[in-house]
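Hi,

Here is the structure I promised to pass on. Have a look at it first, and then read my notes below.

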Amino acid sequence: MKKIGILLGIMILISVSACQDLSEINDNPNNVNETHPQLLLTNIASNAFKVNGTSALYASRMLVQTDGENNNQYYNWGRADFDDYNMLGEVTKMMQEAQRIESEEYVALAKFFRAYYFYNLTLTFGDIPYSEALQGETDANYTPKYDTQKDVFIGILKDLSEANDLLKNNENIIAGDIIYGGNVAKWQKLINTFRLKVLITLSKKESDADLNVKNSFANIYSNEPIMQSNDDNGQLVFLDEEGSRYTEFNSSGYGSGMYMSSTFIKRLQDREDPRLFIFCGRTKNAKEAGLAIDDFNAYEGGDPLAPYAEVNDKAAAGDVSKVNLRYSTDPTTEPHNLLSYAELQFILAEASVRGWIATDAKTHYENGVKASFNFYNTYAKGFETYVESTDADMYLVGTLVSFNSSITTEEKLNLILTQKYFTSFLQSGWRMYFDHLRTGYPNFAQSPSATPPTRWIYPLSEYNNNSDNVASAIQSQFGAGNDKIREITWWLK
């Protein structure tokens, strides 16, 4: 009877199994087809908000290299990659999952990150795959056409506008949010502030009727929520845990041939800017001579135009400052800002000077400086006393800092962009370099034979796998065969 029972059980199991869909049985639990968008958001945000390394600091005359020629310092770079499309693939998946569960807040964030990555890509190259990009899985389109840079910017602004609309009156908590802890209102402020950033990037296109840059900027400023203080900063706060530490923590580059640029240090010294002590270390000779941290004479940089061996000799003699050690030894040093309240204030100051908004440019400018001092007062451990609010007040009346000393529009823009530049040390990626390309401010030390490049060459993979479309994009922008680093893309014309 026991054997009969076993056989009967087996027969029932076979019968039930036969009625099941084989696709259900063969599902791989390690390769699920659906997931909650919160699981994708954490990784996407971590990637977008992390420190972007030091390459932009060499190009922007903040760092020099002494143990070899740094391509970014000497303006002789070549190709860049399309790695951001990998992250855009994750963003696309997050969008799909958000639409599946009908979550407007995750759709909005997907649109923001989509705008963010495409913004970086188009500034890097010019025309890029956009409308047909990321269609490999859905439409088997592995050779997308290139869209014009203008159309890409139009699409970026459209995504950001739609993201803002989706978050209006939305009170849901965003799970998986490592930036704002699920606060929808703060994300809406960031998104609208980023819209202003994109529009100021297009300052050379003020007369373009399709973009309507000036009126769009004024409308967002007057009618949409934007950042109101450092509490709204779009920043990644670091934790002393595996995978969550400061991005430059324990980076070997800081202990080798990386030193500070003399042009950057001199700008800070000339203005008696106490952020110098936060960014830089004293020279070896200054420390041995007993010069204090707040002695401006304790700091010196290397000439970014000199041969690296010459700067190396100066560094070996103990006369060149390194980056402040806290950036590579403190796992939880200051947060990294993708976009900060200080940057917003400098954007508004520039817009005011240009006549886009009817506000006081001086107020915005001073708010930006005060916000920067406050940021370091909050996060630069051990350096708080150098950047108190009273220090900011004193700094703002300095001869080279006071807004009252600027008369012409160009003088005002130079003042604003220089202060905006100071907030960029290991912050906001390539923003300060692109600002220089757009405005000419602040002036970068350069030799006549090596002016700042305006773009990067398209990836070799595009030549191998999407040759017709990349050739067409080069032809339409620069003429056949002119995929070069000093060609002028649409946004700079």
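Where is Ser261 found? Ser261 sits in the loop between β5 (258–260) and α11 (262–270); helices (H or I, at least four residues) and strands (E, at least two) are DSSP runs, numbered from the N terminus.

Before the rest, some housekeeping. This is a predicted model, where local features need pLDDT of at least 70 and side-chain atom pairs count only at pLDDT 80 or more, while totals for chains, interfaces and linings use all residues. Residues are numbered from 1 along each chain as its sequence is written, and side-chain values use heavy atoms, with hydrogens and water left out.

Back to Ser261. Ser261 is buried, with a relative accessible area of 0% (buried means under 20% relative accessible area, exposed over 50%, partly exposed in between, with a 1.4 Å probe and protein chains only). Leaving aside residues up to four places away in sequence, Ser261 touches Arg61, Met62, Leu63, Val64, Gly301, Gly302 and Pro304; contact here means heavy atoms within 4.5 Å.

Arg61 turns up again with Leu305. Leu305 lies in the loop between α13 (284–288) and α14 (308–316) and counts as partly exposed, at 38% relative accessibility. Again not counting residues up to four places away in sequence, Leu305 touches Arg61, Tyr74, Ala445, Gln446 and Ser447. Leu305 and Tyr74 are 231 residues apart in sequence, yet their C-alpha atoms are 7.4 Å apart in space.

Now the chain as a whole. The protein chain has 22 helices and six strands. Its radius of gyration is 26 Å, close to the 23 Å that the globule rule gives for 493 residues, so the chain is as compact as a globular protein of that length. (That radius is taken over C-alpha atoms, and the globule rule is 2.2 Å times the number of residues to the power 0.38.) The C-alpha trace spans about 100 × 55 × 50 Å along its principal axes. Of the 493 residues, 53% count as buried. Among contacts between residues at least 6 apart in sequence, 73% join residues at least 24 apart.

Next, the helix pairs. Helix α5 (residues 84–100) and helix α6 (residues 104–125) pack at an angle of about 165°, with their axes 9 Å apart. (Axes are lines fitted to C-alpha atoms, for helices over the stretch in contact, and angles run from 0 to 180 degrees between N-to-C directions.) That makes α5 roughly antiparallel to α6; angles under 35 degrees count as roughly parallel, over 145 as roughly antiparallel, 65 to 115 as roughly perpendicular and the rest as oblique. By class, their contact has 15 nonpolar, two polar and three charged residues (Ala, Val, Leu, Ile, Met, Phe, Trp, Tyr, Cys and Pro count as nonpolar, Asp, Glu, Lys and Arg as charged, and the others, Gly among them, as polar). Residues that meet there include Leu88, Val91 and Met95 in α5 and Leu109, Phe113 and Tyr117 in α6.

Helix α6 also packs against helix α8 (residues 149–167): their axes come within 8 Å and cross at roughly 160°. That makes α6 roughly antiparallel to α8. Among the residues making this contact are Phe112, Ala115 and Tyr119 of α6 and Phe153, Ile156 and Leu160 of α8. This contact has 14 nonpolar, two polar and six charged residues.

Then there is α9 (residues 184–201) with α10 (residues 213–223), whose axes come within 10 Å and cross at roughly 160°. That makes α9 roughly antiparallel to α10. In this pair, Asn192, Arg195, Leu196, Leu199 and Ile200 in α9 meet Val213, Ser216, Phe217, Ile220 and Tyr221 in α10. They divide into seven nonpolar, two polar and one charged.

Finally, some backbone details to look up. The peptide bond from Tyr441 to Pro442 is cis, with omega near -15°, and Pro442 lies in the loop between α20 (431–439) and α21 (460–465). Ala140, in the loop between α7 (136–139) and β3 (146–147), has a positive phi of about 55° although it is not a glycine. Glu272 is not a glycine either, and has a positive phi of about 50°. Glu272 is found in the loop between α11 and α12 (275–279) and is exposed, with a relative accessible area of 56%.

Cheers
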